[in-house]
Each structure stands twice: as C-alpha cells, then as structure tokens.
Amino acid sequence: MTDSDATTRGPLPEPGTDTGLDARLVVERDGFRLDVTLTAAPGDVVALLGPNGAGKTTALRALAGLVPLSDGHLRLDGTVLTRTPPESRPVGVVFQDYLLFPHLSALDNVAFGPRCQGASRSEARARAAGWLERMGLAEHGGAKPRRLSGGQAQRVALARALATRPRLLLLDEPLAALDARTRLDVRAQLRRHLAEFEAVAVLVTHDPLDAMVLADRLVVIEDGAVVQEGAPSDIARHPRTDYIAQLVGLNLYRGRAEGHTVRLATGPTVTVTELLPGDVFVAFPPSAVTLHRERPVGVSARNLWRCEVAGLETHGDLIRADLTGELPLAADLTTVAAAELDLRPGATVWAAVKASQTHAYPA
C-alpha cells in the first residue's frame, strides 16, 4: 500500500478487531426520542423503513455525525466515532437531492472527497475518473451538474461518496428524485454497485420496492423505535404492525387462536389452516377477498363478513375497495367485476376469504 493510499483510505480496522457497524443511536430533541440499535457486517446493506416522522432520517444523520447522540454508542470497525467530527469519519453520504457542487464539473465533484483527505490534485482526479468510468459516466466528466440528467446526477453523487473509500455508506432516499423510468434503471445499477461494496451500507427509504431490491436486511422504525427487522422475505410474509402490512400489501389482524379459529379483539373470527395456540397474527392479501352483493348461497359462515364500501381507488390494473363493517379490510378486483357488482361508497357487500388463503403466525 502506498503512502497516498494510507492518507486517503481513512481508518481501516486493525487485525483482530471487530469489523462492521455496532451502534445504539439515542437522540432526544423537541419532544421526540429515537432509540435504535443497528448492527451490520462488512458487505451488508441495511434499509431503514418507516412512515414520515418515524426517525429514520434522524438515525442516518446521527450515523453521519450531523446530529449528536444523547446517549448510546457508535462503533465502526471497532473504532468509537461518537466524538469524531463528521468530516473525520470514514463515512460517505448520498443525500436525497445529491447536493453536488454546481460550479464544479462531475469529475471535480467526485475528486473533492479525496482532495479533502490529502490526495494530490492529479491523484484525486485520476481516482475520480476511474469511478466515473465504473458508473458509465466517463464521457460526462466535464459536465456541470445542471447538464446532467437525474439518473446521471445520482450516479455522480454515489461516485463522490465511494471515492473516499468509506467504511460506512449512507444513502438518504437515493432514488426519490427520479422519475419512474429512470428509477427502474438506476435501481438496477445501484444494486450492482452495492453488491460490490465491501463495507457497510445503510439506506433510508419509504419505498418498499427499493428496500426489497437493494437491501439484505430491513429495519422498520415507528415512533423512534425498531418494531421489526429481518430479511425482506421474512418481513413481507410476517408483518407485525399495520404500517408494515400496508407496506407489503396485506390485511393484518391480531387475535387469540383456539384450534383453527382466531378470535379477533374486535369480535369477528377468522378460520385458518394453521393450528397455533395463543396470540397470533392473521394475514391475507386483498386479492384473496371475493365480494358479493348478496350473501352467497352454499357458502359457510366461516370467513364471510358483511361489510360496507368506504372507498374505491385504482391500484395498478385493479380496483381496490376499502371496506368497513364486521371486519375492516381491503379487497382487489378487476374493473369489470367492480362494474358488475355496481360498487360505490356506501354499498353493502359480503366479503369471503378461503381459510387456505390466510396465513397465521405467532404474535
């Protein structure tokens, strides 16, 4: 390793020390308390999900050193960073609006970080050129940010963050400013670059698809606390809060199981195929719900509820009906089916779900 490598790479873990991220982030301000524990190994991509005001951006800013901790700890590769100023941390940040310097070219934007770390101008620009080439932007090195498309600006911002060789990469809603088509392309490119990143990456997003595609592990935050974490597939199949259920598109209820019957706190029962004792969650997709204007003949009373249409909205190629009544739920149906049923707000319907299409799991 050359002397210049040592000055520009940032603190690296010593042999035998812990590697990765180990943090408990406690931030108290303006009546809000964030208390979140995050751990990740090098190569992990962790996505922080949560509704607006949940605290996910505060957590990201605390990791970057832009918000001081009220309590807790922050260790990266075994080094305590709690009192380390932001500019001295081996951390790269990609902000939602990218925050590229408007007076600098794409090349010099990327070279800025290495220059701040002590690299010579020629070395910094050579490294920046290499990163632009990896991002497919070699021909745009001389362009100012105003000349770049949204997707190109996002990749320049990512290259600028990676050029400092960070041990922790933070991405704050990195795809939010892109249109739908560009988002699709850039998401695929970002996934490839994150797969090649050898340190820890933490991504903040409100988009479940971004989280599912980009992250190895999801951490869901509500009201400043972690309510669920795990692999994307596990969380999608076993949501534990209404927010997560809505995020992954499921109807979710909590009740007490007795045999194959789950009695909900609100009164109705749901018949399931699993045999689970005690408190459980029951989930099923809106597509599993069949609607009828009259109580269907020949259908047993199990998983059949009298409801009222509270609202209708387009949901992709389908119509989603928001139902209240014996069991509040969402149901998806085709436009033709909605027309044949003459659905409208206030209409009474019967909602049916087969037990085989429900999924129960311990609460």
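Predicted model: local features only at pLDDT ≥ 70, side-chain atom pairs only at ≥ 80, totals over all residues.
Residues are numbered from 1 along each chain as its sequence is written, and side-chain values use heavy atoms, with hydrogens and water left out.

First, the whole chain. The protein chain has 10 helices and 20 strands; these are DSSP runs, H or I of at least four residues for helices and E of at least two for strands, numbered from the N terminus. Its C-alpha trace spans about 80 × 45 × 35 Å along the principal axes. Of the 363 residues, 47% are buried, where buried means under 20% relative accessible area, exposed over 50%, and partly exposed in between, with a 1.4 Å probe and protein chains only.

Now back to α3 and α4. Helix α4 covers residues 121-134, and its axis comes within 8 Å of the α3 axis, crossing at roughly 125 degrees. Axes here are lines fitted to C-alpha atoms, for helices over the stretch in contact, and angles run from 0 to 180 degrees between N-to-C directions. On the α3 side, the contact includes A106, L107 and V110; on the α4 side, A128, W131 and L132 are among the residues. Contact means heavy atoms within 4.5 Å. By class, this contact has 10 nonpolar, no polar and five charged residues. For these classes, Ala, Val, Leu, Ile, Met, Phe, Trp, Tyr, Cys and Pro count as nonpolar, Asp, Glu, Lys and Arg as charged, and the others, Gly among them, as polar.

The next neighbour is α5. At what angle do α3 and α5 pack? The angle is about 25 degrees, with the axes 7 Å apart, and α5 covers residues 150-162. That makes α3 roughly parallel to α5. The contact is made by A106, N109 and V110 of α3 and by V156, A159 and R160 of α5. Those residues divide into four nonpolar, one polar and one charged.

Helix α3 itself runs over residues 106-116, and its buried residues are A106, L107, N109, V110, A111, G113 and P114. Just after the helix, G118 takes a positive phi of about 110 degrees.

V110 deserves a separate word. Leaving aside residues up to four places away in sequence, V110 touches A128, W131, L132, V156, A159, R160 and A163. V110 is also listed with V156, L158, L169, L171 and L194 as having the most contacts inside the largest nonpolar core, which has 47 residues. A nonpolar core is a set of buried Ala, Val, Leu, Ile, Met, Phe, Trp, Tyr and Cys residues joined through side-chain atoms within 4.5 Å.

R165 sits in the loop between α5 and β7, and its phi is near 55 degrees, a positive value in a residue other than glycine. R165 is partly exposed, at 27% relative accessible area. D223 lies in the loop between β9 and β10, with a positive phi near 50 degrees. Is D223 buried or exposed? D223 counts as exposed, at 69% relative accessibility.

Technical notes:
Parallel < 35°, antiparallel > 145°, perpendicular 65-115°, else oblique.
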